[in-house]
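User: I would like to go through this model with you, starting with how its parts are arranged. Could you take my questions as they come?

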Amino acid sequence: MRLGIVGLGKMGANMAARLLAGGHEVVGTNRSPDAIAKLTAEGGQGVDDLAALVAALPVPRVVWLMIPADAVDAALDDLLPRLQRGDVVVDGGNSNYKDSMRRGQRLRSLGMSFVDCGTSGGIWGRTEGYSLMVGGDVDAVARVEPALKTLAPSPDSGWGRVGPSGAGHFVKMVHNGIEYGLMQAYAEGFDLLAHKTDFGLDLEQVAQVWRTGSVVRSWLLDLVADALGKDPQLEQVAPFVPDSGEGRWTVDESVELAVPAPVIALSLMMRFRSRDERRFGDRLLSALRNEFGGHAVKAAE
């Protein structure tokens, strides 16, 4: 099939490359001329703007957005007047599912279709395939199914329509919340191992042992082993952990639905904690111990 991709950042470029390798035709545009040139060099058709992208696609069109969540509405404002009834727009980024529900209604009112596709796989997706959680009308998803089968690890695994518009991004949101909890558990466990200096543990070796046969084996553990192999003490990595939004949305949803999610919530809090180099709360705790018990206070450096 021939489709357009708006946004040729790391994920978008890798997805385009996988589609091209799978025999699809890709027309792509991006703010960076270098990204457009790279797509052209890999066999795709790079164009300068949305108008050129829309003109290069057969009717009915499929346009796939791989852009930040806060840029989707502006992109739709620019894109939709150029499209027509029967066209399909796919949002493969990490949008909030409530926004995807609203966008689905907007496109339906214009006789178009909106597909929200939660995409997992990171930088490895180009070679290993992506996990694709898809929301949208059955007919619209069927239209983009050839691309989904190529992007997934195999045509019959790793992807699926999980429900109507919004469902794909909702499932991806919860997926990322779970990821936060798993990552935090690995971080805490290896932190304990690192602090048990009596045994002189080789943390990469431990990770390698756990990778085979262990009940805690996973792709994340494979990545732990890889990271420790490159930098055993992680001396090149600052203890600062960002979050891209999905964890916050997952915690918000747990509150809204009154469904307890303490592990996910605490893993998000720990990311917040990692960014505070001079934690006021910890200093207050120390001051209180001094106030009520006369305990010594370590002076700030």
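User: Which strands does helix 1 lie across?
Analyst: Helix 1 (residues 10–21) lies across strand 1 (2–6), strand 2 (25–29), strand 4 (62–65) and strand 6. Helix 1 runs at about 170° to strand 1. Axes are lines fitted to C-alpha atoms, for helices over the stretch in contact, and angles run from 0 to 180 degrees between N-to-C directions. Helices (H or I, at least four residues) and strands (E, at least two) are DSSP runs, numbered from the N terminus.

User: What should I know about the source of the model?
Analyst: The model is predicted: local features need pLDDT of at least 70, side-chain atom pairs count only at pLDDT 80 or more, and totals for chains, interfaces and linings use all residues. Residues are numbered from 1 along each chain as its sequence is written, and side-chain values use heavy atoms, with hydrogens and water left out.

User: In what order do the strands of the sheet come?
Analyst: The order is 3-2-1-4-5-6-7-8, in an open sheet of eight strands with mixed pairing. Two strands pair if DSSP finds at least two bridges between them.

User: Which strands stand at the edges?
Analyst: Strand 3 (45–46) and strand 8 (159–163) do; each has a single partner strand, so one side of each is left without a neighbour in the sheet.

User: And in what sense do strand 6 and strand 7 pair?
Analyst: Strand 6 (residues 113–120) and strand 7 (residues 131–135) pair in the antiparallel sense, over five bridges. Within this pair, Asp116 is opposite Gly135 of strand 7.

User: Turning to helix packing, at what angle do helix 4 and helix 5 pack?
Analyst: The angle between helix 4 (residues 72–79) and helix 5 (residues 97–109) is about 10°, and their axes are 12 Å apart. Helix 4 is therefore roughly parallel to helix 5, a label for angles under 35 degrees, whereas 65 to 115 counts as roughly perpendicular, over 145 as roughly antiparallel and the rest as oblique.

User: Which residues meet there?
Analyst: Val72, Asp73, Leu76 and Asp77 of helix 4 meet Arg102, Arg103 and Arg106 of helix 5, contact meaning heavy atoms within 4.5 Å.

User: How do helix 8 and helix 11 cross?
Analyst: The axes of helix 8 (residues 167–195) and helix 11 (residues 246–257) cross at roughly 105° and come within 8 Å. The two helices are therefore roughly perpendicular. Residues in the contact include Phe170, Met173 and Tyr180 of helix 8, with Trp249 and Glu253 of helix 11.

User: Which residue other than glycine has a positive phi?
Analyst: Leu234 has a phi near 50°, and it belongs to the loop between helix 10 (219–230) and helix 11. Most residues other than glycine have a negative phi, and most peptide bonds are trans.
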